[in-house]
Amino acid sequence: MNKDFRVVVLMGGWSSEREVSLTSGRGVANAIRERGWSNVIELDMDRDVAAKLKELKPDVVFNALHGTPGEDGTVQGMLDLMGIAYTHSGLEASVIAIDKELTKMVLVPHGVRMPAGTIVESESLYSGDPIARPYVLKPVNEGSSVGVAIVTDESNYGSPIGRDVEGPWRHFDTLLAEPFVKGHELTVAVLNDEALAVTELKPKVGFYDYDSKYTDGLTEHVCPAQIPDDIAQSMKDMAAKAHKLLGCRGASRSDFRWDDEQGEAGIFLLEVNTQPGMTPLSLVPEQAKVCGISYGELVERLIEEALTRKKG
């Protein structure tokens, strides 16, 4: 690969995941510089991003953004219009995968098991539960467990839910309510259509929320997960299938819950992340390492896929 190509690492932005994106982007930029890339530019995205990209004239953009507008198809559409190659998924896959209900509409008819859910107005939660407890409330269009609440009989947010009680109902007009799947928290990374490994996530306190994901020491990562081989393979097959059905490119990450009392029938895919993190605590680099792929090689593979896609 020509390491003189100009690479712009697009990161930061203004989503709730800005700081994580900055960490991912800096890691990516440093990794490819260490591997001999001579023309790497870090760009913290602002509202003038199109003008800056026009001036920089990149051969490829490494999309290290998380959340909106870098993960929902907005930035992908802009880069498509500008004719710039970029890593990770394109416009259509990004629009669908960021929306948990749209994701279900695509995947469930093809046999991908996901929890049943219903969209609720946050205001309605003050008068009663939308489904039987325990259940999960989450924003429809957010990632990294932003705004997720598990509502039990005791409720980690108070019982009953109230206007003066902190929770996602105070920050989002509508939420997705899903039955809570007990058991194990697991995730599978897919790189260029191939599932890498299964990681079990064991938070030391509570559940695998935003803080647990990005604070060192709060979650134990067990990779490969110590689960039966047939269960691990089913998850890998399901993640690869979801990646392909959604039209994902480069790397994606599928998050699962597994109720081990139900065997294979207890595997539920929760969501597909088209812009998985690239921080030191991130799961895709961790699984790639288990498969013998270094962080720098992982980044190069994503760049190569983007350039090949544009050429093709």
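Two exercises with worked solutions follow.

The model is predicted: local features need pLDDT of at least 70, side-chain atom pairs count only at pLDDT 80 or more, and totals for chains, interfaces and linings use all residues. Residues are numbered from 1 along each chain as its sequence is written, and side-chain values use heavy atoms, with hydrogens and water left out.

**Exercise 1.** Determine the strand order of the open sheet of five strands and identify its edge strands.

*Solution.* Helices (H or I, at least four residues) and strands (E, at least two) are DSSP runs, numbered from the N terminus. Two strands pair if DSSP finds at least two bridges between them. The order is S11-S10-S9-S12-S13, with antiparallel pairing. Strand S11 (219-222) and strand S13 (267-273) are the edges, since each pairs on one side only. Strand S12 (residues 251-258) joins S13 through six bridges in the antiparallel sense, and Asp255 stands opposite Glu271 in S13.

**Exercise 2.** Classify the crossing of helix H1 (residues 18-34) and helix H9 (residues 295-311), and list the residues in contact.

*Solution.* Axes are lines fitted to C-alpha atoms, for helices over the stretch in contact, with angles from 0 to 180 degrees between N-to-C directions. The two axes come within 9 Å and cross at roughly 95°. Angles of 65 to 115 degrees count as roughly perpendicular, and H1 and H9 are therefore roughly perpendicular to each other. Contact (heavy atoms within 4.5 Å) involves Ser24, Gly27, Val28, Ala31 and Ile32 of H1 and Tyr295, Gly296, Val299, Glu300 and Ile303 of H9.

Definitions and conventions. Parallel < 35°, antiparallel > 145°, perpendicular 65-115°, else oblique.
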